[in-house]
Amino acid sequence: MKPQRDSPRRPTDPTELRLGRVTRRSVLAGGFGAALIGGLAACSGEQPTKVQPRKLETRAADDELPSETSPQNIASGPPLVTGSFVSAKMGGRQTRWAVARPSGVSGRLPVVVVLHALNTNEKSIFSSKLEMQNVLQKYVDAGNAPFALAAADAARNYYHPRADGTDAAAMILDEFLPMLASNPQLDLSTERIGLFGWSMGGYGALRLAALLGAPRVAAVAVCSPALWADPRNYPPRAFDSLEDYQANSLFGQQAAFARIPLLIDIGSSDQFFTYTRQWAAGLHPPAAFGTSAGGHTNRYWRSALPEQVEFLGRNLAR
């Protein structure tokens with residue numbers, strides 16, 4: 001179908017974790033905090049204070065966001081090219097998509113595929129709440145190599161095969177990416193892509209990266225990925241059954257990221273913080289891991305976008 005056109009460093013906070021950023025050049029392990037506390041206690045001759053873990057099993061971490069039931073109008077920044085296609089992988093429904101290319105740039109561009117959060121849609125990343133296209137434009141205007149952003153509406157599918165027969169991951173891989181590559185108006189290269197996602201889409205971006213692997217995936221950047229480490233504590237909206245969880249959980253899949261540059265950002269008060277640290281502890285080499293004061297909110301995700309755009313752009317340009 002022919003597309004249609006629609007007419008820093010993060011804030012400093014006294015509660016920001018004093019350990020700073022953990023990168024692939026440093027060590028991130030599951031016992032990082034415990035080892036540090038134990039080491040400090042040993043130096044002082046005192047026994048470490050026993051900290052009670054949060055009772056995560058009492059309530060599943062919640063990734064339900066206020067529902068955005070209709071696509072939003074985008075008022076500023078590079079113009080969006082939008083369209084839709086009938087997706088067999090999404091049960092034959094009309095599936096909307098949106099692409100942003102930075103202004104003032106011509107020629108074929110690499111692309112970062114954006115996977116959206118629960119209750120959002122293909123335009124949410126471009127809305128006034130996040131404006132990733134404007135972050136990208138600022139990055140390109142500073143003289144960095146350009147790339148495009150592309151998102152498709154995955155509804156509430158969670159980017160894996162579901163009991164109702166839908167599979168948004170397959171929609172992205174088998175339908176959306178080929179459409180991006182074959183559309184001359186978009187002029188995009190998909191041989192080597194970046195992946196970005198937040199919340200549900202953070203899980204989705206990680207899952208797609210594990211499926212595609214390197215070198216097809218140049219880099220992955222995620223914010224507050226919706227990860228559940230406890231197979232007794234996931235919501236039905238994310239997995240249909242224990243067997244579904246076991247087949248599609250990312251725990252135990254960390255080896256797939258050994259050759260994929262990965263940046264994870266999550267607020268220190270995010271309900272997925274503990275699960276995300278547990279998952280990241282199994283990455284070898286470790287991921288770049290950033291955290292500061294913040295929760296599972298647009299405000300935190302927007303603050304992380306400049307660094308995530310820079311990380312994706314730098315790796316796509318290699």
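Student: How confident is the predictor in this predicted model?

Tutor: The mean pLDDT of the protein is 84. Of its residues, 77% reach 70 or more.

Student: What is the pLDDT over residues 1–59?

Tutor: It is below 50 over residues 1–59. That stretch still has 88 contacts in the model beyond near neighbours in sequence. Where pLDDT is low, the predicted coordinates should not be read in detail.

Student: What makes D153 and R93 a salt bridge?

Tutor: The cut-off is 4 Å between a side-chain nitrogen of Lys or Arg and a carboxyl oxygen of Asp or Glu. For D153 and R93 the N to O distance is 3.7 Å. The pair therefore meets the rule for a salt bridge.

Student: Which parts does the pair of D153 and R93 tie together?

Tutor: D153 lies in the loop between β5 and α3, and R93 lies in strand β3, so the pair ties together parts that are 60 residues apart in sequence.

Student: Why is D153 called buried?

Tutor: Buried means under 20% relative accessible area. D153 has 7%, so it counts as buried. R93 has 25%, which puts R93 between 20% and 50%, so R93 counts as partly exposed.

Student: Which residues are linked with R93 and D153 in a network of salt bridges?

Tutor: R96 and E122 are linked with them in that network. By this rule the count in the model comes to 9 salt bridges.

Student: How do you know that R302 and E131 form a salt bridge?

Tutor: Their closest N and O atoms are 2.9 Å apart. The limit is 4 Å, so the pair qualifies. R302 is in helix α7 and E131 is in the loop between β4 and α2, so the pair ties together parts that are 171 residues apart in sequence.

Student: Is E131 buried or exposed?

Tutor: E131 is buried, because its relative accessible area is 16% and the cut-off is under 20%. R302 is partly exposed, at 35%.

Student: What makes R162 and D240 a salt bridge?

Tutor: Their closest N and O atoms are 3.1 Å apart. That is within 4 Å, so the pair counts. R162 sits in the loop between β5 and α3 and D240 in the loop between β7 and α5, so they tie together parts that are 78 residues apart in sequence. R162 is buried at 12%, while D240 is partly exposed at 39%.

Student: Why is T190 called buried?

Tutor: T190 has a relative accessible area of 7%, under the 20% cut-off, so T190 is buried. T190 lies in strand β6. T190 touches V111, L177, L180, A181 and R216, not counting residues up to four places away in sequence.

Student: Which residues does a cis peptide bond join, with omega of about 5 degrees?

Tutor: That bond joins A214 and P215. P215 is in the loop between α4 and β7. Another cis peptide bond joins H284 and P285, with omega about 0 degrees.

Student: How many nonpolar residues are in the lining of the largest cavity?

Tutor: The lining has 8 nonpolar residues, 1 polar and no charged residues. Among the lining residues are W228, F239 and S249. The volume of the largest cavity is about 40 Å³.

Conventions
Residues are numbered from 1 along each chain as its sequence is written. This is a predicted model: local features need pLDDT of at least 70, side-chain atom pairs count only at pLDDT 80 or more; totals for chains, interfaces and linings use all residues. Side-chain values use heavy atoms; hydrogens and water are left out. pLDDT is the predictor's confidence in each residue, from 0 to 100. Contact means heavy atoms within 4.5 Å. On a 1 Å grid over the protein atoms alone, a cavity is a set of points where a 1.4 Å probe fits but cannot get out, and a pocket is an open set with protein on both sides within 12 Å along at least five of seven lines; lining residues have an atom within 4 Å of a point. Grid points are joined across faces, edges and corners, and a volume is the space filled by probe spheres set on the points. Ala, Val, Leu, Ile, Met, Phe, Trp, Tyr, Cys and Pro count as nonpolar, Asp, Glu, Lys and Arg as charged, and the others, Gly among them, as polar. Helices (H or I, at least four residues) and strands (E, at least two) are DSSP runs, numbered from the N terminus. Buried means under 20% relative accessible area, exposed over 50%, partly exposed in between (1.4 Å probe, protein chains only).
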